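This briefing sets out the computed features of one protein model. Please read it alongside the sequence and the coordinates.

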Amino acid sequence: MVNIIEEYNRRMAENNALDFDDLLYYVHKIFSTNPQILQKYRDRYQFVLIDEFQDVNKVQYQIFKMLAQEHGNIFVVGDDDQSIYSWRGADPLNFKKFEQDFAGCKIFKLEQNYRSTKAILTVANNIIANNPNRYEKVLFTENSQGVKPQIYSASDERVEAYYVCEQIKNLRYLGNHRFRDFAILMRINALSRAFEQELLRSRIPYKVFGGFKFFERKEIKDILAYMRLINNPADSEAFYRAINVPVKRGIGDTTLSKLAGLSADYGISIIDVISDERNLEIFTKTIRTKLLDFYKLITEMMELAKNTTVEKFVHILLDVLEVRRVYASMDEEDRALNIDQFEQSVIDFQNSDPGATLSDYLQSVSLSADIDEANNGDYVTIATIHAVKGLEYKTVFLVGLEDGIFPTSRATYSPLGMQEERRLMYVAVTRAEERLYLTRASSRFMYGQRKMTLASRYYTEVNQMLTPVRPPSTERQLADDSYLDKLNLQPTQKPANTGKTSSQIKQFKVGQMVEHATFGKGMILRLAGDVADVIFETVGKKSLNIRFAPLKILQ
C-alpha cells in the first residue's frame, strides 16, 4: 500500500497536479510555515463564514482557525446531530473545540423546523436524545400534528417491499401524491433489490441514488456475464467480462485481442477457439493452461444448467467461483450482500415460475434493465440515507430496520460509531415532511442463507414511543364501568352493540367517500361481506367491519 501511495504522489508531481486532499494539505503547510503569507490572507479575509460546519475535517478546521484567529470575526453554521461523515474526517466535537478556541463566542440555537409535522419531529427528538456529548436541542414546528408515523414488521424482504409499494399506490389513489413525493431510504444499498423488483412489477417509476441500480452494479454484472456465456457460448462480450472476474486470471488485453483475431480468422466463437489447444499455439504454455481451464469451467456449468433448476445452478456457480470468499477477503461487505440479494432474486424468480430456465431468468433481467423511465422526473426515489442529506420528501419509507443492518454490525464495536449511526437515523427521519413509515423484515437473505433478524433498536424505540405500555389494571379499576369505557371495553352487564342492519351495510359501495369518527375521511377500495378496505387521508389503509365501525357515507 505504501508503494502505491508513493507511486501515486510521484505521478501527481510529474503532472504538476494536486488532488482535493493536496489542496488542503498545502494551504495548511503554507499558512503554518509562512507567517507573511498567512498575514496577507488574514488582512484580505477579515470576516469568515463556514456553512455545514459539522462536515469540517481536522485540516479544514486548522486552516480557518489560523485565518480567523487574529480578528475573531468568524461565524459557523451547522448541526452536530447531522454529523454523518466521520469516514471523510468530519468530527461533531468540532463545535466544542470551536467554543474553546474562540472564547466568548455566542451560540444561537435554531430549533424551529419548517419541514416536518409535529408527529415526525417527536420521533426525531426522541431518537437523537439518546446520544451523549451533543448540544441539547428540541426541534419544534408550527406545522400541524400530522399523521402518526407507521411501523410495519414483514415476514421477509419481499413482503416488506410489497407493503411499501401498496402504500405508495394507495396514497396515489387518493390523488394528492406524485411519485416524486416518495422516498425509500436504506442504510446500505444492498437492500434495494427487493424494492426495485416490486416497483417494476407494480409499474411504478423509480430512480436509485447513492449507488447503481441493482442489476447495474459491477459484481452483479460480473455474475450475469458468466450466466450469459453459459446460456450462449457465442456471446463474446460476456466472455471478455467473465474471463477475469471475480479474480484476475492473468488474461490481458493482448491475449484477448489475439483471441478475437483467431475467432475472426477461423469463423468460430472465442469459446470454440479455446476449446482446442491446437488453436492456441501462439500463446505461452501458462496462457494456454488458463484458457483451457476456463473452457472446462464453462462447459461443466453448461451441463449443470441443463440438468438442474436455475436456483440450484446459481448457488453452485457462486460457490465454484468463490465469490463471497473473494469479496470477504477484500473487505467488500456491501458487494457480498449484493451477491446474497442476487441469489435471492433467482430464488424468487424460480418460486414464481418453477419451470423457468436460465434463459428465462436472463430475459427477465434484460426486460427489467430495458424499461423506459422517461417520466419527466416523476419517480420514486430509492437511496441510501447519506445520499439524501439535505433533501426532503412528503412521504419517507425508512426500511431494513434490523440489528446488523441499521445500525451496521461494524458500528456496534465502537461507541463513536454507534453515535454516528443514531445521527444517521435522525437525519433519515427528518427527511419526511408529512408521512413516515418504519419497516423491517423478520427474516432476510444474507451471507448465502436466510436468517432470522432482530429488530433495530431504533425500530424498537419508536414502537415503544408510539404504543406506550399500559400498566396492568387493578381489580378495582376493572370493576369500574367508567374505567372500562376509557379503555373502549364493554362491561359484561351492558347490552351488546348489534351494529348496522343488513340494509344499511348494502348502502356502502366501492369508490364511495366515507368518514370515520377517528380516522377521518377516506375512500372504500374493496368490499368483502361486512369488511371494507378503506384508504384514509390520515392513516393509510385500514380493514374495517362496516357493521360495527363508526363509518358514514359522505354525500
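Is Glu 52 buried, partly exposed or exposed? Glu 52 has a relative accessible area of 38% and is therefore partly exposed, where buried means under 20% relative accessible area, exposed over 50%, and partly exposed in between (1.4 Å probe, protein chains only). The model is predicted, so local features need pLDDT of at least 70 and side-chain atom pairs count only at pLDDT 80 or more, while totals for chains, interfaces and linings use all residues. Residues are numbered from 1 along each chain as its sequence is written, and side-chain values use heavy atoms, with hydrogens and water left out.

**Overall architecture**

- The secondary structure comes to 22 helices and 15 strands; these are DSSP runs numbered from the N terminus, with helices being H or I of at least four residues and strands being E of at least two.
- Taken along the principal axes, the C-alpha atoms fill a box of roughly 95 × 75 × 45 Å.
- The protein has 555 residues, of which 45% count as buried.
- Of the contacts between residues at least 6 apart in sequence, 69% join residues at least 24 apart; contact means heavy atoms within 4.5 Å.

**Backbone geometry**

- Most residues other than glycine have a negative phi, and most peptide bonds are trans.
- Glu 52, located in the loop between β1 (48–50) and α4, has a positive phi near 50°.
- Arg 203 is likewise not a glycine and has a positive phi of about 55°; it lies in the loop between α8 (192–201) and β5 (206–209).
- With 75% relative accessibility, Arg 203 counts as exposed.
- The peptide bond from Val 245 to Pro 246 is cis, with omega near 0°, and Pro 246 belongs to the loop between α10 (236–242) and α11 (253–266).
- A cis peptide bond also runs from Phe 406 to Pro 407, with omega near 5°; Pro 407 sits in the loop between β7 (393–398) and α18 (415–429).

- Rolling a probe the size of a water molecule over the atoms shows where empty space is left.
- The structure holds 1 cavity of 30 Å³ or more; on a 1 Å grid over the protein atoms alone, a cavity is a set of points where a 1.4 Å probe fits but cannot get out.
- The largest cavity has a volume of about 40 Å³, a volume being the space filled by probe spheres set on grid points that are joined across faces, edges and corners.
- Its lining consists of Ile 188, Ala 190, Leu 191, Leu 337, Asp 340, Gln 341, Ile 405, Arg 444, Phe 445 and Met 446; lining residues have an atom within 4 Å of a point.
- By class, the lining of the largest cavity divides into 7 nonpolar, 1 polar and 2 charged residues. Ala, Val, Leu, Ile, Met, Phe, Trp, Tyr, Cys and Pro count as nonpolar, Asp, Glu, Lys and Arg as charged, and the others, Gly among them, as polar.
- Helix α16 (333–352) and strand β9 (443–446) each supply at least two residues of this lining.

**Helix α5**

- In helix α5 (residues 94–101), the buried residues are Asn 94, Phe 95 and Phe 98.
- Seen down the axis of α5, these buried residues fall within an arc of 100°, so they line one face of the helix; the arc is that of the directions from the helix axis to the C-beta atoms.
- The elements covering the buried residues of α5 include α4 (58–68) and β2 (74–76).

- Thr 384 is part of strand β6 (residues 380–384) and, at 10% relative accessibility, counts as buried.
- Leaving out residues up to four places away in sequence, Thr 384 touches Met 186, Arg 187, Ile 188, Asn 189, Phe 209 and Gly 210.
- Ile 553 is part of strand β15 (residues 551–553) and is partly exposed, with a relative accessible area of 21%.
- The C-alpha atoms of Ile 553 and Gly 72 are separated by 67 Å, the two residues being 481 residues apart along the chain.

**Cysteines**

- A disulfide is a covalent bond between the sulfur atoms of two cysteines.
- A search of the whole structure finds 0 disulfides, the criterion being a pair of cysteine sulfur atoms within 2.5 Å.
- Cys 105 counts as partly exposed at 28% relative accessibility, whereas Cys 165 counts as buried at 0%.

Conventions. 1 Å grid on protein atoms, 1.4 Å probe; cavity = no way out; pocket = protein on both sides within 12 Å on 5 of 7 lines; lining within 4 Å.
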